[in-house]
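Here are my notes for your first look at this model. Keep the structure open while you read the points in order.

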Amino acid sequence: MELTHRQEQIIEIVKENGPITGENIADQLSLTRATLRPDLAILTMAGFLDARPRVGYFYTGKTGTELMSDQLKKLKVRDQHSVPVVVNDQVSVYDAITTMFLEDIGTLFVVNQQSMLVGVLSRKDLLRATMGNQELSEVPVHIIMTRIPKITVCYKDDLLVDAATKLIENQIDALPVVIDRQDGQEVIGRLTKTNITKAFVDLVKDE
Ligand code: ADP
């Protein structure tokens, strides 16, 4: 994160004099408290400063890496996930392969007639199916998919780092983002390794 000259001045003042009130920082810079408010908000949000009620601002002393790690830990699945691509459990393996190519994605989620999650199809699941002597337009995907209760899911309010941990631990590329319903789980998103990589790169770019 690129700091303005004034923000750097504020950090220096707080480093030297903290804990110090916003009023006092403003005095030292000959500015009004109102002018300073956005800078103080940014510095607090980014983790350079901390504010305690009735005490004032103090310098956290956190390094760039610690600050970035703090930001990463705050990210939620809801900020990063992609739209899901679902197929019905009765469609053929052939049609699922076509959908995967047309949609240009690596994981399809499979739903039943009630549009509730019942399975997952990865690239390798579909490749494997092509290796047998089966007629691909005759075999429904529910025969070859990974099915519930073996499916690992996440929720939009989960922390991104927790979802990323599930991807690593289960050695999979994507998680369905779901909402629990009475008759199953509705798929509302798709969280992939690419989403995690993008979140990471975005954070570094912001630095
Ligand atoms: P690929 O098989 O193309 O390498 P994955 O690593 O994502 O892709 O999938 C590995 C296996 O795990 C596949 O059989 C797939 O059906 C299954 N799988 C993928 N995603 C999930 C998930 N969210 N929950 C449970 N199983 C999954």
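1. Start with lysine 193 and aspartate 173. They form a salt bridge, and their closest N and O atoms are 3.3 Å apart. This pair links distant parts of the chain. Lysine 193 sits in helix 9, while aspartate 173 sits in the loop between helix 8 (160–170) and strand 7 (174–181). The two are 20 residues apart. Keep in mind that the model is predicted.

2. Are these two partners buried or partly exposed? Lysine 193 has 40% relative accessibility, so it counts as partly exposed. Aspartate 173 is also partly exposed, with a relative accessible area of 40%.

3. The structure holds 8 salt bridges. One of them joins lysine 15 and glutamate 12 at 3.6 Å, N to O. These residues are 3 apart in helix 1 (residues 5–17), so about one helical turn separates them.

4. Aspartate 70 and lysine 62 form a salt bridge too. Their closest N and O atoms are 2.8 Å apart. Aspartate 70 is partly exposed at 24%, and lysine 62 is partly exposed at 36%.

5. Now look at threonine 107 in strand 4 (residues 107–111). Its relative accessibility is 8%, so threonine 107 counts as buried; the cut-off is under 20%. Leaving aside neighbours within four places in sequence, its contacts include Met100, Val120 and Asp173.

6. Finish at the surface. Phe200, Val201 and Val204 form a nonpolar patch there, with about 250 Å² of accessible area together. Phenylalanine 200 belongs to helix 9 (residues 193–206). Phenylalanine 200 is partly exposed, at 46%.

Key: Residues are numbered from 1 along each chain as its sequence is written. This is a predicted model: local features need pLDDT of at least 70, side-chain atom pairs count only at pLDDT 80 or more; totals for chains, interfaces and linings use all residues. Side-chain values use heavy atoms; hydrogens and water are left out. Helices (H or I, at least four residues) and strands (E, at least two) are DSSP runs, numbered from the N terminus. Buried means under 20% relative accessible area, exposed over 50%, partly exposed in between (1.4 Å probe, protein chains only). Contact means heavy atoms within 4.5 Å. Patches are made of residues with over 30% relative accessible area and no salt bridge: like charges are joined within 9 Å, nonpolar side chains (Val, Leu, Ile, Met, Phe, Trp, Tyr) within 5 Å. Accessible areas come from the Shrake-Rupley method with a 1.4 Å probe; for residues, only the protein chains shown count as cover. A salt bridge is a side-chain nitrogen of Lys or Arg within 4 Å of a carboxyl oxygen of Asp or Glu.
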